[in-house]
Structures are given as structure tokens and as C-alpha cells.
Amino acid sequence: ASENICIGAVAGLNITTANQHIRLNNGSELGVISVLSGGELDIWGHGDAESINFRTGSGAGTVVMNVVGNNVGIGTSSPATILEVLGADPMLTIRDTETAVGSAIAKLRLAESNDSDAVNNAWDICLSGASAGVNLDFIRTNAGTKNMHGMTIMYDGTVGIGTATTNGSKFLVNGDASITGELRVAGNLGLNGAEPSLWHAN
């Protein structure tokens with residue numbers, strides 16, 4: 001085993017013994033940096049609800065990311081949820097590396113777990129590519145199987161409910177629809193699949 005402190009043109013701390021660590025103690029709080037046996041770098045704010053700050057800048061610096069207990073904050077040192085991003089007009093980007101628009105896919109998944117700690121039921125908010133642009137899909141996964149398009153907003157602004165396509169209509173519903181208020185039609189209205197010329201509403 002070797003534990004070397006090198007001072008000179010290059011300064012560093014070399015610890016080669018497995019499962020050894022560096023303890024940083026200010027008298028009341030303890031921080032631990034270690035390399036685990038599997039090669040993982042472990043940074044540990046020892047104690048319940050301790051914080052780990054990542055800073056940039058000079059002087060006292062600016063906290064750019066903060067871990068408090070199980071919460072992570074970006075731009076804030078007091079995250080109130082598992083992930084909180086704070087900034088002036090903030091933007092969160094999830095970008096596919098695919099350069100062909102027709103093959104692009106990017107997803108945000110909202111899910112619940114089964115007894116095996118795997119995704120069971122979920123809704124995916126999904127950007128999916130088409131040859132002419134990108135669509136926004138809301139897709140349901142049930143018991144681990146994708147089985148329903150809830151809503152699709154096509155690249156051309158048309159909307160489909162229960163379908164992944166709109167067939168050129170501004171608004172297409174695949175299934176039954178109920179209306180509790182008024183339905184106003186400023187054009188022709190077709191019934192039972194007929195061309196929209198049966199009625200005309202002003």
C-alpha cells in the first residue's frame with residue numbers, strides 16, 4: 001500500500017490501498033471522499049440531511065449544483081423536491097443525438113413501480129421524429145407494455161386523441177367523445193363518415 005503526498009510541479013494525493021478514503025472534518029461536520037472496490041468515486045456528506053455543494057467562480061463562489069439529503073438543486077442551495085432547477089427564464093433540454101429528424105426520439109417518463117422495483121405503469125411525454133418535422137406524443141405504458149397513444153400534436157399543429165396520426169384533419173378523435181356544453185361549427189358538418197356537406201352552421 002502507498003499513501004503519497006506529492007509537492008512540486010504537480011501536486012496530488014496518491015492512495016492505492018483498496019477502500020481507503022480521505023476524511024475532511026471541520027470539527028462538527030464530516031466529508032468523506034473514497035474510491036470503492038468497484039472503482040466508483042464516492043463523495044459523502046456524512047450525516048442525515050447533509051449538503052454537498054458544487055461551486056464555480058472566485059471568492060465564495062456560486063453554488064451551481066447542490067445535494068441536500070435526497071434532493072438535488074441546480075441553481076439553488078435549498079431544493080424542495082427530488083430535482084429543482086432555478087434560474088431566470090430557465091430551460092431544461094433533453095436532446096437526442098440522432099441527426100436525422102425522422103429518427104429522433106426524446107422522452108420524459110412519469111411512472112410508478114411494481115413490486116420488483118421496475119416501471120409498471122407510465123406516461124411518456126415523447127418527441128418523435130417524422131420526415132417533415134417532430135411530433136409531441138403522450139403515450140401510455142401499462143404493465144410494461146406500450147399500448148395507447150393518449151394524444152399526439154403533429155409537427156403541423158394538428159391534434160389527434162387516441163391516435164398517432166390526424167389524417168390531415170386539424171382535430172381527430174379515435175373513439176367516442178362527449179360534450180357537456182355547446183358545439184359550434186363554422187362550416188360544414190358530416191355524419192357517419194360522410195363528406196362534410198350535410199349541414200351548414202353559421
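How do the residues of the lining of the largest pocket divide into nonpolar, polar and charged? In this predicted model, they divide into 6 nonpolar, 3 polar and 2 charged, where Ala, Val, Leu, Ile, Met, Phe, Trp, Tyr, Cys and Pro count as nonpolar, Asp, Glu, Lys and Arg as charged, and the others, Gly among them, as polar. As the model is predicted, local features need pLDDT of at least 70 and side-chain atom pairs count only at pLDDT 80 or more, while totals for chains, interfaces and linings use all residues. Residues are numbered from 1 along each chain as its sequence is written, and side-chain values use heavy atoms, with hydrogens and water left out.

The largest pocket holds about 460 Å³ of space. A pocket here is an open set of points on a 1 Å grid over the protein atoms alone, where a 1.4 Å probe fits, with protein on both sides within 12 Å along at least five of seven lines; lining residues have an atom within 4 Å of a point. Among those lining the largest pocket are Lys 170, Phe 171, Asp 176 and Leu 183.

The second largest pocket has a volume of about 220 Å³. Its lining comprises 15 residues, of which Leu 30, Gly 31, Trp 44, Gly 45 and Ser 51 are the closest to its centre. Strands S3, S4, S5 and S6 each supply at least two lining residues; strands are DSSP runs (E, at least two residues), numbered from the N terminus.

S6 also belongs to an open sheet of 4 strands, ordered S6-S7-S8-S9 with mixed pairing. Strands S6 and S9 stand at the edges with a single partner strand each, so one side of each lacks a neighbour in the sheet. Two strands pair if DSSP finds at least two bridges between them; S7 and S8 run antiparallel and are joined by 4 bridges.

Note on methods. Points joined across faces, edges and corners; volume = space filled by probe spheres on them.
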